Amino acid sequence: MISRIFYSTSVTPEGFTLGLSAGGLSTHPVVLNMIAGLTILMAALFEYQQQIQATRASLELRNADYAAERDRARALASSVTESEEHLKVANTRMATILDNIPDLAWVKDVEGRYIAVNQMVVKAFSVADSNVVIGKSDFELIPKEAAEIYRGTDLEVMTSGERSRIDEVRRDKFGKTYWVETVKTALRGPDGRIIGTVGIARDLTERKLAENEREARQVAEAANKAKSEFLANMSHEIRTPMNAIIGMSYLALGSGLNPQQQGYINNVYRSAQSLLGIINDILDFSKIEAGKLQMDSVAFDLGDVLDNLANIVGQQAEEKSLELMYVEPPLLPTRLVGDPLRLGQVLVNLTNNAVKFTKHGEISVSVEVVDRDTESVQLRFGVRDTGVGISAEQQLRLFQQFSQADASTSRRYGGSGLGLAICSRLVRLMGGSIGVNSTPGRGSHFFFTARFGLQAGGAPNPPPLRLGALSGARILVVDDNDAAREVILGMSLSLGLRAEAVADGPGAIAAVASASAVANPFHVVLLDWKMPGMDGVECARLLREGSLLHPPPTVLMLTAFGREEALQQLASRQVTISGVLTKPVTPSALVDACAAALGIARRKDTRLALREVARHDHEARLAGARVLLVEDNLINQELAVALLKGAGIDVTVANDGRQALHMMDIHEFDGVLMDCQMPEMDGYEATRLLRLQPQYQVLPIIAMTANVMAGDREKVIAAGMNDHIAKPINVEEMFATLARWIRPAKPAVVRAAPAADSLVQLGINADIGRAATAGNEALYRRLLNSFADQEADVVDRFRHARAAGNKEAAMRILHDLKSVAGTIGANEIQRATAELENALSAGAADEAVDMLIEAVARALDPVIAGLRARGSADGA
Amino acid sequence: MVHKTPAGELLRAMSHELRTPLNGIIGFAQLLLRDKTLNQRQVTGISAILESGDQLLVLINTLVELARAEAGAWELNPVEVSLRDWVAGVMDVVQAGAAQKGLEITSEIAPGMPESMHVDDRCLRRVLMNLLDNAVKFTERGRVVLRIDGERAGRLSFSVQDTGRGIAPARLDSIFMPFGRSPGDAPRVQEGGLGLALSREFVRLLGGELRVSSKPGSGSTFHFDIANT
């Protein structure tokens with residue numbers, strides 16, 4: 001408004017000091033009114049003054065010349081006095097007004113001399129009172145350059161007779177900047193002649209600063225929005241082909257490739273995973289920097305996070321022959337609320353680093369409770385290695401933001417080099433802090449704290465592992481690595497097992513023998529595979545051959561190496577053991593393995609197995625469902641179709657939202673899998689349109705998108721979709737999400753998998769076998785096949801040994817058969833063999849023994865035959 | 001202030017780390033495809049891996065190039081080339097695509113233009129190829145013209161004009177942003193929505209500014225001029 005009334009100009013007398021104090025009314029109309037008032041007032045004042053002067057002049061004249069007129073003159077004088085009184089009152093009134101406005105206000109004559117000023121001007125000039133200023137021009141008060149500028153605008157106003165608004169930026173002697181707005185008006189006398197100027201100046205600094213701040217904020221917000229849009233787009237563009245690569249290699253791995261081809265595809269798969277890791281790091285870091293990373297708050301099991309860590313890092317540790325172990329208290333609260341993925345990310349990162357920078361020795365991952373109340377718990381995690389260590393100087397920079405200098409390190413060791421910077425930020429977001437202690441050459445100890453919620457309604461502690469019949473079992477731990485030995489010994493003791501430990505094979509043999517001699521025999525020997533001198537395999541063989549008063553203890557091989565490699569080694573050296581326990585050993589795995597080895601059935605409830613069951617369950621529930629897949633990318637179409645069909649889902653494909661709407665009119669579907677970003681019509685729009693139709697209001701629509709930015713889930717829900725599956729697709733999660741929402745209208749007749757079916761018919765509990773092989777189906781199949789091969793003649797071998805009078809060998813044969821049968825889940829054979837074994841130990845009569853031998857053969861023969869039939873079917 | 005690509009610095013520093021696994025993916029996929037014992041399903045799957053790998057490589061290369069150009073970390077390498085021959089070479093490449101859609105594509109060099117130019121051949125080629133490819137992609141009928149003239153002394157002015165669908169005024173600014181072309185918008189160009197952003201940066205490196213004028217429904221013209229050093 002104002003700029004339309006006044007023409008404006010801008011003056012900037014740099015360095016000029018006026019020392020304005022802050023203040024200012026907020027509305028311009030007030031200023032305008034004030035100026036108008038002042039102008040009228042000043043005009044009146046001038047009128048009075050001129051009247052008075054004129055009156056005085058005439059008075060003096062008349063006084064001198066006409067004494068006779070003195071009386072009249074007196075009367076006149078009194079009128080003058082009256083006028084002067086009026087004037088005084090007007091003057092005081094004006095001064096009061098002027099002094100009470102927060103702006104600088106002044107009146108100058110045509111020569112630029114101050115006629116009147118208010119208190120603000122006095123303050124601005126830093127003088128004692130207005131008399132110092134009155135009668136002086138700017139040239140006598142302020143530097144020449146500034147005075148010239150002011151005089152210039154005064155003259156302009158007087159020449160044009162118009163008002164002028166001047167914006168200027170002033171800087172005081174301390175360098176502080178002020179924005180000042182000045183309005184100048186020509187002052188006219190009663191005859192209309194211009195007789196000076198009136199000015200009012202206002203300090204706009206505060207308002208200006210607020211404006212600047214607002215603008216800066218808007219710019220920053222826009223930039224931030226552009227940034228996160230870019231990241232979302234980049235993430236989408238990268239993940240879409242990544243999804244295809246990872247998914248297709250996953251499918252190819254199960255398509256019957258020969259070993260070399262499998263190897264190639266494995267390389268593709270591993271490269272893709274590593275690429276995804278780096279890309280995730282870059283995106284994560286950028287998201288954190290842009291303040292866009294949000295922590296999840298979901299119920300999770302800490303045990304799952306640790307199991308997953310073992311799966312991911314265990315293999316790498318194994319390849320470098322490093323001991324990886326867990327140190328966790330048995331009563332650790334594990335049912336937590338927080339962000340399991342981010343916690344896992346930090347743990348995997350630190351543990352991966354530990355593996356990367358350690359050549360020999362061990363890595364231990366520890367968890368402990370720092371603090372807990374009824375609702376939350378603060379945990380402290382530690383990752384300790386015996387690696388190269390970190391110098392004090394490096395430690396300082398370790399968690400800092402990525403710098404170019406670090407690129408060379410990451411090049412040498414792989415990865416993005418962003419890991420620790422990301423970890424420290426994630427830990428902060430989890431309400432904790434991260435740190436490191438390290439001695440170069442000795443190793444490093446990374447630790448961090450994090451706070452988690454405790455699941456409401458859940459038991460405050462996990463139910464203690466039920467030892468059952470295992471309670472009080474005697475365990476001997478044999479491991480050359482001090483730390484590993486102590487961890488497993490400690491774990492066994494804390495579980496209530498009666499455990500002892502020795503450091504090598506000969507020690508183990510001596511300990512087993514002396515325990516047997518004092519009638520306190522060991523039931524289980526946990527034997528490390530790779531030990532200097534006598535290795536685990538050799539030790540197991542000798543333990544079996546030693547003559548003891550008691551049945552030889554059951555041997556479990558501890559290995560950080562591949563289960564299969566260990567089993568192969570054992571087979572090639574013809575040593576049979578009861579099972580293999582993979583490091584790092586968790587308490588539940590230890591109990592499971594001991595129970596299985598001793599033939600004590602323990603409810604199979606390992607989380608891995610539960611997950612496996614869950615997946616089969618999900619797929620079974622989805623079988624027969626008719627699903628519309630809406631996806632524009634051909635490769636992803638193919639991938640999703642292959643995965644869905646594999647689960648017995650009837651899939652129809654639409655290339656975009658518009659096509660999907662069209663197909664919905666023609667066919668009936670139990671659910672829709674909807675990509676979000678598509679040409680023609682995107683998934684959000686298609687969903688909105690579908691939801692407008694009454695018949696589709698409850699139809700499950702699940703988004704499938706490569707965007708995994710925080711807030712994406714909210715966005716798809718807001719668009720009316722039910723849930724969200726992120727790409728690259730995690731097969732388990734995908735089926736779990738689908739099963740949560742989609743119910744087939746016509747479920748397929750669920751047929752149990754033929755393989756499992758045939759195992760059940762053979763009396764084999766495949767669940768036990770799968771648990772023993774940690775869900776490794778291929779390994780389990782090989783175990784079954786080798787059982788069929790190796791145990792086919794076991795009854796003959798046993799009879800032979802017995803006939804030859806070699807009781808020891810006979811017992812060993814039975815013992816082996818019992819444990820192997822237990823491992824593969826052949827419960828009947830295991831039971832029959834155990835009975836025979838007991839009968840022999842008890843010195844039963846030959847007839848009884850013969851009957852029991854027959855029982856074993858009866859249990860064994862159909863299993864061998866059945867497995868052989870299956871084996872040849874597999875091979876076809 | 002130039003819009004800096006977020007994560008640009010990281011991508012630049014990580015380009016080696018990103019390409020290494022990509023090479024693994026592409027290399028092993030190629031190796032597998034040579035194997036004649038694969039069945040049809042396996043070949044299709046592995047071809048998809050290879051295709052996605054190639055796509056990812058182009059995308060990552062372009063992101064890294066963009067970040068390098070933005071950071072000014074791009075060394076120009078000007079060479080002396082014959083203007084006419086060079087333009088003919090560029091036109092040869094785009095001719096086929098245009099012919100497939102039944103479009104006329106021509107180049108016009110204004111009279112009085114110098115015989116040769118001294119430019120960074122790679123940068124300029126990328127820019128023009130991208131603009132011509134886009135013009136062909138977004139034009140259903142009519143023609144695409146590449147014009148070269150020199151209105152100002154010592155400068156070469158390039159323009160690519162099409163008779164395509166044009167660009168809505170509201171979107172004229174955003175088309176130069178990385179991924180600025182919204183996903184709802186027709187199939188992606190090779191660089192996955194980075195082509196114009198990269199072209200703009202390259203033109204800046206060459207000392208010009210890429211601009212566009214467009215009328216929805218009747219076509220777009222992209223133009224820039226650069227110094228003929």
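## Salt bridges

In this predicted model, K108(A), D138(A), D154(A) and K184(A) form a network of salt bridges (a salt bridge is a side-chain nitrogen of Lys or Arg within 4 Å of a carboxyl oxygen of Asp or Glu). Over all chains, the whole structure has 37 salt bridges.

Within helix α5 (residues 144–160) of chain A, E148(A) and K144(A) sit four residues apart, about one turn of the helix. Their side chains meet in a salt bridge of 3.6 Å, N to O. K144(A) is exposed at 54% relative accessibility, while E148(A) is partly exposed at 41% (buried is under 20% relative accessible area, exposed over 50%, partly exposed in between, with a 1.4 Å probe and protein chains only). In another salt bridge, the closest N and O atoms of E837(A) and K818(A) are 3.2 Å apart. This pair links distant parts of the chain, 19 residues apart: K818(A) is in helix α28 (residues 807–824) of chain A and E837(A) in helix α29 (residues 827–841) of chain A. E837(A) is buried, with a relative accessible area of 7%.

## The sheet of chain B

Chain B has an open sheet of five strands in the order β2-β4-β5-β7-β6, with mixed pairing (strands pair if DSSP finds at least two bridges between them; helices, H or I of at least four residues, and strands, E of at least two, are DSSP runs numbered from the N terminus). At the edges stand β2 (104–109) and β6 (211–215) of chain B, each with a single partner strand, so one side of each has no neighbour in the sheet. From one strand to the next the twist averages 15°.

Strands β5 (residues 155–162) and β7 (residues 219–227) of chain B run antiparallel and are joined by seven bridges. S157(B) has D225(B) in β7(B) as its bridge partner. A salt bridge of 3.9 Å, N to O, joins the side chains of E108(B) and R143(B). E108(B) belongs to strand β2 of chain B and R143(B) to strand β4 of chain B, so the pair ties together parts 35 residues apart in sequence.

## A buried serine

S424(A) lies in helix α12 (residues 419–429) of chain A and is buried at 6% relative accessibility. Not counting residues up to four places away in sequence, S424(A) touches F399(A) and I434(A) (contact means heavy atoms within 4.5 Å).

## Confidence and conventions

Chain A has a mean pLDDT of 78, and 83% of its residues reach 70 or more (pLDDT is the predictor's confidence in each residue, from 0 to 100).

Residues are numbered from 1 along each chain as its sequence is written, and chains are lettered from A and ligands numbered from 1 in the order in which they are written. Local features need pLDDT of at least 70 and side-chain atom pairs count only at pLDDT 80 or more, while totals for chains, interfaces and linings use all residues; side-chain values use heavy atoms, with hydrogens and water left out.

Conventions: Axes fitted to C-alpha atoms, helices over the stretch in contact; angles between N-to-C directions.
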